[in-house]
Every structure is written in C-alpha cells, then in structure tokens.
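Reader: I would like to learn how to read packing and pairing, one feature at a time. Please show me the case we shall work on.

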Amino acid sequence: MKELFYTLLSDGSSDKALMPILTWLLEENQVNRAIQPQWADLRGLRTIPKTLPLRIIKSLELYPCDLLFIHRDAEREPRENRVIEICKALEEVKNSVIVPPVHVCVIPVRMLEAWLLFDHTTLRVAADNPRGRQKLQLPNIHTVEQLPDPKDVLYQLLREASGLNGRRLNSFRVNERVHRLADLINDFSPLRALSAFQELEAEIQQVVEIQGWNLY
C-alpha cells in the first residue's frame, strides 16, 4: 500500500493533540493510503524559528511530506485573516524549501481544547478513572466555540474526572491527559456541528479528491 505522509505545524506542543483528529478526518474521507502522521517538533533546535515563514521552512526541511497542515488558533481574529496569514507565509517560502503541492489550514475558533469537550466516557478513561461517578458538566457541543477559555474548562474537567484530591491531584499531569484523551477518542463526528470543523473537513475532502488519494 502506498503511504501518505502529512506534517502538522502547530502553534504549540499541546496542539499535537490535533493529530488524531486530522488522521480521523483523512480516514473518514476515504484516503486509501497508509497515513503516516508527523508533528513538526522544533523545540530541540539550537535556534527556534519565531516567524511563521521560518517555522514552515524548518518544518519542511525536517519533516518533508505530501500534505502540510498549518495550525493557528483564530482566537479573536476572523478565520479569513489566519488563512491569509498562512497563504502569505507559504508564498514567501516557496523559493527556499520544497513545499508540498497541497496544504490545509487548521483554524479552531478558539483553541484545540474546544474540540475535545464532548465525550464524558473517554474523558474519564483519559483521567484514569473510568468508573468515576463525579458529575461532569460538559458544555453543549454547539457552544464550545464560544467559550472564552476552553483549555481551562477541559483541564478542570479532567481534574474532576480523576477523582483525586490533595497531593495526588497536585501531581496529576493534566496536559498529558489532554493528549491521551485525543488519542482515545474513536469518533469525532459530533464536531461536525461546529463551523470551523465543517470548514476543515470540507478543505480536507477537496484535497483528497483533487489528489486522488481516495481512488483504488
């Protein structure tokens, strides 16, 4: 079977948790190749690139791919502004590095953590307390993009789901549980209720069809 290598260049290391979502979307859209995900880890470089064009160059030098995902949180900016920013950066670097023929912008309305706030059961498993009976107040899926700080909400829910307190709660590595939560979720289809996720899936679907990655 042929392989499809994709690289995710994200805003920060916590956003590596986007990869299970991206892989799921590729599989959902009938990619018929063995998907090989790569996260552009630039933390160990002697000089860490600061600007988006320099980060793109270094990511593609270290993690060449067939498909490049570039993640930016929209936060208070319109999505279109982030798309323009990414496209300008790609245009700037095309004479400095081999840019794959296709790229996809990954732009949650707030931040990645909003896309992990929908599965009670898996959240408990990620917190190592699958039989926990604590009542978890997850936000309505239709409103998660409007939360001012979804990361804080998710972290607090994971702490509550753990059932821990005192010193044991203080040593609970909640950031690691976020990555575990993303890895454990098998079905991200509830996120299709969100506009940003709909746009991401539509872009992936178009790329897959244009490249013929869904053909046998």
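Reader: At what angle do helix α1 and helix α8 pack, and how far apart are their axes?

Author: Two packed helices are described by the angle between their axes and the distance between the axes. Here helix α1 (residues 19-28) packs against helix α8 (residues 195-211) at about 50 degrees, and their axes lie 10 Å apart. That angle makes α1 oblique to α8, given that angles under 35 degrees count as roughly parallel, over 145 as roughly antiparallel, 65 to 115 as roughly perpendicular and the rest as oblique. The axes are lines fitted to C-alpha atoms, for helices over the stretch in contact, and angles run from 0 to 180 degrees between N-to-C directions. This is a predicted model, in which local features need pLDDT of at least 70 and side-chain atom pairs count only at pLDDT 80 or more, while totals for chains, interfaces and linings use all residues. Residues are numbered from 1 along each chain as its sequence is written, and side-chain values use heavy atoms, with hydrogens and water left out.

Reader: Which residues of α1 and α8 meet?

Author: From α1 come I21, L22, W24, L25 and L26, and from α8 come F197, L200, E201, I204 and V208, where contact means heavy atoms within 4.5 Å. Sorted by class, this contact holds nine nonpolar residues, no polar ones and one charged residue; Ala, Val, Leu, Ile, Met, Phe, Trp, Tyr, Cys and Pro count as nonpolar, Asp, Glu, Lys and Arg as charged, and the others, Gly among them, as polar.

Reader: How many residues of α1 are buried, and what covers them?

Author: Eight of the 10 residues of α1 are buried, so this helix is largely enclosed by the rest of the structure; buried means under 20% relative accessible area, exposed over 50%, and partly exposed in between (1.4 Å probe, protein chains only). The buried residues of α1 are M19, P20, I21, L22, T23, W24, L25 and L26, and their cover includes β1, β2, β3, β4, α7 (174-184) and α8. Just after α1, Q30 takes a positive phi of about 70 degrees. As for the element names, helices (H or I, at least four residues) and strands (E, at least two) are DSSP runs, numbered from the N terminus.

Reader: In what order do the strands of the sheet stand?

Author: Four strands form an open sheet in the order β2-β1-β3-β4, with parallel pairing, and two strands pair if DSSP finds at least two bridges between them. The edges are taken by β2 (34-39) and β4, each with a single partner strand, so one side of each is left without a neighbour in the sheet. Neighbouring strands are turned by 20 degrees against each other on average, direction ignored. Helix α8 packs on this sheet, where it touches β3 and β4, and its direction makes about 170 degrees with that of β4.

Reader: Which way do the side chains of β3 point?

Author: In a regular strand the side chains alternate between the two faces of the sheet. In β3, L67, F69 and H71 point one way and L68 and I70 the other way, and all are buried. The partners of β3 can be followed residue by residue: β1 pairs with β3 in the parallel sense over four bridges, with T7 opposite L68. On the other pairing, β3 and β4 are joined over five bridges, again parallel, with F69 opposite V104 and I70 opposite C105. Strand β4 (residues 102-106) is itself mostly covered, with four of its five residues buried.

Reader: Where is S96, and how far is its C-alpha atom from that of I57?

Author: S96 sits in the loop between α3 and β4, and its 49% relative accessibility makes S96 count as partly exposed.

Reader: Is P150 buried or exposed?

Author: P150 counts as buried, because its relative accessibility is 0%, and P150 lies in helix α5 (residues 150-162). Not counting residues up to four places away in sequence, P150 touches R110, M111, E113, A114 and L117.
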